[in-house]
Amino acid sequence: MTAYVSAFDLFSIGVGPSSSHTVGPMRAGHDFAARIAAAGLLDRVARVTCSLYGSLGATGLGHGTPDAVVAGLRGLAPESCDPDDVRRAWSDWTDGSSLPLNGEHDIVFVKDDITFEPRTRLPGHPNAMTLRALDADGIHLAQETYYSIGGGFIRRDGEENDRSLSSSKGGAASFPFAYRDAASMLELCDENGLTIAELARRNETALRSEEEVAAGLDAIWNAMSACVEAGLNAEGTLPGILKVKRRAGAIRAQLDEVEAEGHPAVPGEWLGAFALAVNEENAAGGRVVTAPTNGAAGILPAVAMYWWRFLADSGLGAGNAVTPYGELVGSALLGFGAEASLVAVGALEDPEELAEANRRRGIRRFLLTATALGSLFKANASISGAEGGCQAEVGSACAMAAGGLTAVMGGTNRQIENAAEIAMEHHLGLTCDPIGGLVQIPCIERNAIAASTAVTAARLALRGDGQHYVSLDAVVETMRQTGLDMSTKYKETSEGGLAVNVIEC
């Protein structure tokens, strides 16, 4: 059994505001409707009900969980739907209207067919939901319980394996480089002369062609960068009772004005703006990429955009690659300047095309490195705020971003592992206590702070030789233990912390 999770599951394109409370329940609703259709029961169904337990019941309203369930029952999938079709799908529902189950069979649906049971916690996971299909006489035709375990992954009760986008492409047994922890991952890299990104690429190409992997990684980055741009150019107030004002656009305008006056760009301030932009889009229910969750979706795109905008062409991390994925030439660090870039993309002559191609290779390397690291957190601890607190979401994302940045800055495998360890170590114990059950306060600012921490962790690691006292595996295990010890009121229930000490206005 390997810890490795495909990049196309860990970075799935979906909708906001939450991977565990929106994307997961939407996939569960979609799966339930598809199972009914596959069993030949669709025409007999007259009603579908859904019970939301634990954290889904406690903060589901603020996270749009019932809207997501309705959208999923209609046959919509988070990776392909129009976000506008999910927003308020339940909130604005007219009782007695017809719901097209699986997109093809109309049933009568009322808002009370979805119930909230926050005090009931099922043993499988804090994020649990049970869907039931009934005929016209009220007889149960089908029933399934799903666990939304973080990052958009779901597990059906009775099944051992988590499922997301690439489950049809193969499973863990298909990966040629199987590892359970960071130590065995580094050992595999040493034995085979691989970078962490190359190890991840070899696993991905066991399921897909080289061209599909490259195109898929590019699509993930395109979605991430589009989310950054959308957030930087949006104004107004975020949905929900808090009436939080968007800030990324105003910060972007201020920074643009400073640069227009001839002053140099301030990369650190742009970094924060990038992160705010993504999480404001997420809070608005827009198109986002789980990285590895929606609540922490701004950290990796912000750090990657920071590298793309300010470092990739500066001689401080320009991709120095010979493959489409940004691996180093051989095992040596060849430097970061123009000559290394030309080796990577020698056939290109146009400077702009050369720079674009080199940045693309670096981003692929960034994402593959982050995937290999993120898999460790998912397998050996958690990426679910309802299970491990915000340390499991923002902490994991910060570590993944720190490792990815270290990779594209030319760091060794052990420097990458060190960067991830530094980033995670300083998020241990971070609670998840969203005010009003919304992914807004403290979530949005928290992503900006964590993006800065990721950059700091990468720079510290790059100044060292990769040798350090606390291992990444030790920090992952500590995070797991801390999550188990953490009170339930600090795990995405809005029953403690800021959620009860700040008045909702």
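This is a predicted model: local features need pLDDT of at least 70, side-chain atom pairs count only at pLDDT 80 or more; totals for chains, interfaces and linings use all residues.

User: What makes R35 partly exposed?

Analyst: The relative accessible area of R35 is 30%, which falls between the limits of 20% for buried and 50% for exposed, so the label is partly exposed.

User: Why is the pairing of R35 with D31 called a salt bridge?

Analyst: The closest N and O atoms of R35 and D31 are 2.7 Å apart, and because the cut-off is within 4 Å, the pair qualifies. Both residues lie in helix α2 (residues 19-38), four residues apart, about one turn of the helix.

User: Why are α7 and α9 called roughly perpendicular?

Analyst: The axes of helix α7 (residues 210-232) and helix α9 (residues 267-283) cross at roughly 95 degrees and come within 7 Å; since angles of 65 to 115 degrees count as roughly perpendicular, α7 and α9 are therefore given that description. Among the residues making the contact are C227 and L232 of α7, together with W270 and E281 of α9, and the residues of this contact divide into nine nonpolar, one polar and two charged.

User: Which parts does the pair R246 and E281 tie together?

Analyst: The side chains of R246 and E281 meet in a salt bridge at 3.0 Å, N to O. R246 lies in the loop between α7 and α8 (248-260) and E281 in helix α9, so the pair ties together parts that are 35 residues apart in sequence. Both R246 and E281 are buried.

Note on methods:
Residues are numbered from 1 along each chain as its sequence is written. Side-chain values use heavy atoms; hydrogens and water are left out. Axes are lines fitted to C-alpha atoms, for helices over the stretch in contact, and angles run from 0 to 180 degrees between N-to-C directions. Helices (H or I, at least four residues) and strands (E, at least two) are DSSP runs, numbered from the N terminus. Angles under 35 degrees count as roughly parallel, over 145 as roughly antiparallel, 65 to 115 as roughly perpendicular and the rest as oblique. Contact means heavy atoms within 4.5 Å. Ala, Val, Leu, Ile, Met, Phe, Trp, Tyr, Cys and Pro count as nonpolar, Asp, Glu, Lys and Arg as charged, and the others, Gly among them, as polar. Buried means under 20% relative accessible area, exposed over 50%, partly exposed in between (1.4 Å probe, protein chains only).
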